[in-house]
Amino acid sequence: MRKEGKNTQQLGRSITPWSAVPASGSVVEGLKDSERVGAVSFDVKTLSNNSEEHITREQVEHSVLVFVLNKHGKPLMPCTAGKARRLLKQGKAKVVNMTPFSIQLLYGSSGYKQDVTLGIDAGYKTVGYSAVTAGRELIAGELELRTDIKRLLEKRRTYRRDRRNRKWYRKPRFGNRGRKDGWLAPSLEHKLRSHIKLIERLKQILPISRVIVEVASFDTQKMQRPEISGVEYQQGELQGYEVREYLLEKWQRKCAYCGKKNVPLEVEHIVPKSRGGSDRVSNLTIACHECNQKKGDLTAEEFGFPKVQRQAGQPLKAAAFMNIIRWKLVNMLGCNWTYGSITKYRRTKLGLEKSHVNDAFVIAGGTNQERTGYIYMGKQVRRQNRSLYKANLLKGGRRKRNTVKEVKGFRRFDKVLFGKVRCFIFGLRTRGYFDLRDLEGNKIGGDVSYKKLRLIERSRGMIQEVRSAIPLRPEGRSLLAQF
Ligand SMILES: [Zn+2]
């Protein structure tokens with residue numbers, strides 16, 4: 001499966017495909033007028049002059065797949081870095097994108113295509129994706145979404161309100177707002193659009209034939225009011241999983257009696273089976289081992305928890321917003337879907353850690369395919385806001401222009417090479433001294449002259465880098481995975 005052991009030492013190190021950095025400033029000029037990374041002149045010789053250590057370089061050099069477009073810009077199957085380098089050297093291809101590194105063939109090639117399935121682990125904050133063929137994984141990555149939509153809209157609203165209040169009398173207006181059917185809150189609409197955009201971008205570099213989205217943690221249709229319809233705790237593995245997932249969701253993944261989280265939780269009968277309690281969902285709850293033992297033959301009420309007994313009969317509250325988005329996504333794309341409980345079951349069976357990438361891999365139908373060994377980590381950013389002027393007036397009531405867009409050919413969130421470090425411009429200053437940070441926002445240089453920087457690529461709504469696939473830290477993985 002994954003070559004985790006070797007990569008562990010690379011924890012936190014960032015790697016870009018075989019130092020895809022031209023030696024001259026040619027890229028800067030190539031990019032200046034448009035953010036589209038088209039027809040970038042490229043010095044092939046520098047490709048192997050990598051600044052990373054040997055292991056990393058070789059590992060990455062050998063494993064990073066290069067995405068290939070045909071002469072007409074349609075995606076073909078990706079090729080190895082070596083082959084891409086040869087094609088570039090022979091002048092048979094040109095570079096069209098840096099991250100993920102993609103080339104376009106300059107000669108006609110029909111190219112063969114395989115079935116590529118894309119799995120999407122749709123998330124509120126992070127989207128995981130993984131594209132697989134029958135034999136191997138082609139790309140895997142995570143995209144962190146923006147979460148500031150709501151806050152920014154509220155800010156804008158107060159600014160506008162303030163401004164209007166300062167102005168002349170305005171006749172009250174009303175009835176001039178409407179919401180169309182299927183309206184989503186802007187923050188949710190943004191998430192939906194982001195998912196679609198991501199999928200579209202991937203479709204531009206890979207011949208994806210099928211998209212699968214995980215819609216919900218369990219099948220709500222099947223589980224419609226199981227308390228009333230009398231679904232029982234079946235013994236079949238998958239079915240057992242679904243009821244358990246349902247119960248975990250309903251009881252918020254904590255012990256119903258002591259409220260403990262992140263401990264192994266057991267499905268527990270409110271009226272014990274020994275006293276005629278049924279296997280129905282309305283008689284089940286989630287408890288830690290201790291509470292389960294302590295409760296013994298007692299009913300929840302006798303144990304001192306009449307509330308639990310009452311709540312057990314209540315169906316689960318309306319599914320979370322995220323489920324709406326996921327379903328919308330499926331409807332808009334007309335793609336396939338799967339359920340989280342199934343993903344979890346299969347991931348556990350494969351012995352994979354819980355991570356967005358692994359989930360996406362499993363969603364895509366991944367089993368024993370060769371993994372990529374690296375991950376594209378991405379984060380949505382915005383280079384500008386839309387205000388023309390700063391909100392606060394200067395002394396004397398003068399207004400200050402909002403922000404600069406470009407300084408010495410650099411823009412906000414450009415990926416740049418500073419010495420041997422690849423980082424991003426987080427703070428753009430007219431003086432030409434910038435604030436450089438890594439993807440996570442850790443400081444690389446607070447006040448670095450533009451003269452020391454070389455542009456690698458523009459942000460295009462997100463910043464991205466390649467990381468070796470270190471075994472991802474399980475996120476809040478309680479011992480539930482043992483079930
Ligand atoms: Zn407990």
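Biologist: What makes the site of the zinc ion tetrahedral?

Modeller: This is a predicted model, and the angles among the four donor atoms of the zinc ion run from 103 to 116°. Four donors count as tetrahedral if all angles lie between 85 and 135 degrees, so the zinc site gets that label.

Biologist: And how do you know which residues are the protein donors of the zinc ion?

Modeller: By distance. The SG atoms of Cys255, Cys258, Cys288 and Cys291 lie 2.2 to 2.3 Å from the zinc ion. Along the sequence the spacing reads C-x2-C-x29-C-x2-C.

Biologist: Why is Cys291 called buried?

Modeller: Its relative accessibility is 6%, and buried means under 20%, so Cys291 counts as buried. Cys258 has a relative accessible area of 41%. That value falls between the 20% and 50% limits, so Cys258 is called partly exposed.

Biologist: Let's turn to Leu206. What makes that residue buried?

Modeller: The 20% limit again: Leu206 has 1% relative accessibility, so it counts as buried. Leu206 lies in the loop between α6 and β9 (208–216). Its C-alpha is 5.2 Å from that of Pro75, though the two are 131 residues apart in sequence.

Biologist: How do you know that the buried residues of α4 line one face of the helix?

Modeller: Helix α4 (residues 81–89) has Ala81, Ala84, Arg85, Leu87 and Leu88 as its buried residues. Seen down the axis of α4, they fall within an arc of 165°, so they line one face. In general, an α-helix has 3.6 residues a turn, so residues three or four places apart point the same way. The face of α4 turned away from the buried side carries exposed Arg86 and Lys89. Just after α4, Gly91 takes a positive phi of about 70°.

Biologist: Now the largest pocket. What makes up its lining by class?

Modeller: There are 21 charged, 13 nonpolar and 11 polar residues in that lining. Arg counts as charged, and Arg156, Arg382 and Arg386 are among the lining residues closest to the pocket centre, along with Asn385 and Ser387. The volume of this pocket is about 1900 Å³.

Biologist: Which helix gives the most to that lining?

Modeller: α5, with 10 residues. Both α5 (149–166) and α6 (186–205) supply at least two.

Conventions:
Residues numbered from 1 in each chain as written. Predicted model: local features only at pLDDT ≥ 70, side-chain atom pairs only at ≥ 80, totals over all residues. Heavy atoms only, no water. Donors = N, O, S within 2.8 Å, 3.2 Å for Na, K, Ca; no water. Tetrahedral: all angles 85-135°; square planar, octahedral: opposite > 155°, others 65-115°. Buried < 20%, exposed > 50% of the residue type's maximum accessible area, 1.4 Å probe, protein only. Helix = DSSP H or I, 4+ residues; strand = E, 2+ residues; numbered from the N terminus. Arc of directions from axis to C-beta. 1 Å grid on protein atoms, 1.4 Å probe; cavity = no way out; pocket = protein on both sides within 12 Å on 5 of 7 lines; lining within 4 Å. Points joined across faces, edges and corners; volume = space filled by probe spheres on them.
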